[in-house]
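Here's a quick look at one strand and the sheet around it. Have the model open as you read.

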Amino acid sequence: MLIERDWHTNEPWIEGASDLVIELERDKIDKLKTYAAYLIPEYWIIDPSSYVLEQYFITNDRYKMIKVFQAKETITSQNITCVSFTMQDIKDHFPSLYNKS
């Protein structure tokens, strides 16, 4: 899916908006609105406390949650087809995300 997006930066090595944004859970409502304004087609939110990834796709300038992935469910992207992992992979490779006191 290719979407023409109007996004500008002064950095010479960056051109255009991302096709996918992945973040640890923060202020979800504001981020959804901001990324939708730039028509970023896919947005993932990782919540280490509940061990899940929420996957959103943009439709008509708004995000719609497509799926919530847990544990050993394989996470893939329609836009970046080489991406494939599980939340268990994240937990195994980044244990500090889950060992917060």
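## The parallel neighbour

In this predicted model, strands S1 (residues 20–24) and S2 run parallel and are joined by five bridges. Strands here are DSSP runs of E, at least two residues long, numbered from the N terminus, and two strands count as paired if DSSP finds at least two bridges between them. Glu23 has Ile45 of S2 as its bridge partner.

## The hairpin side

With strand S3 (residues 52–59), S2 pairs in the antiparallel sense, this time over six bridges. Asp47 sits opposite Val52 in S3. The two strands make a hairpin with four residues between them, and Tyr51 in the turn has a positive phi of about 65°.

Put together, you get an open four-stranded sheet in the order S1-S2-S3-S4, with mixed pairing. S1 and strand S4 (62–70) are the edge strands, each pairing on one side only. On average, neighbouring strands are turned by 20° against each other, direction ignored; the axes behind that angle are lines fitted to C-alpha atoms, and angles run from 0 to 180 degrees between N-to-C directions.

## How enclosed is S2?

Six of the six residues of S2 (residues 42–47) are buried, so the strand is largely enclosed by the rest of the structure. Buried means under 20% relative accessible area, with a 1.4 Å probe and protein chains only. In a regular strand, side chains alternate between the two faces of the sheet. Both faces of S2 are covered: Glu42, Trp44 and Ile46 are buried on one side, and Tyr43, Ile45 and Asp47 on the other.

Residues are numbered from 1 along each chain as its sequence is written, and side-chain values use heavy atoms, leaving out hydrogens and water. Local features need pLDDT of at least 70 and side-chain atom pairs count only at pLDDT 80 or more, while totals for chains, interfaces and linings use all residues.

Terms used: Buried < 20%, exposed > 50% of the residue type's maximum accessible area, 1.4 Å probe, protein only.
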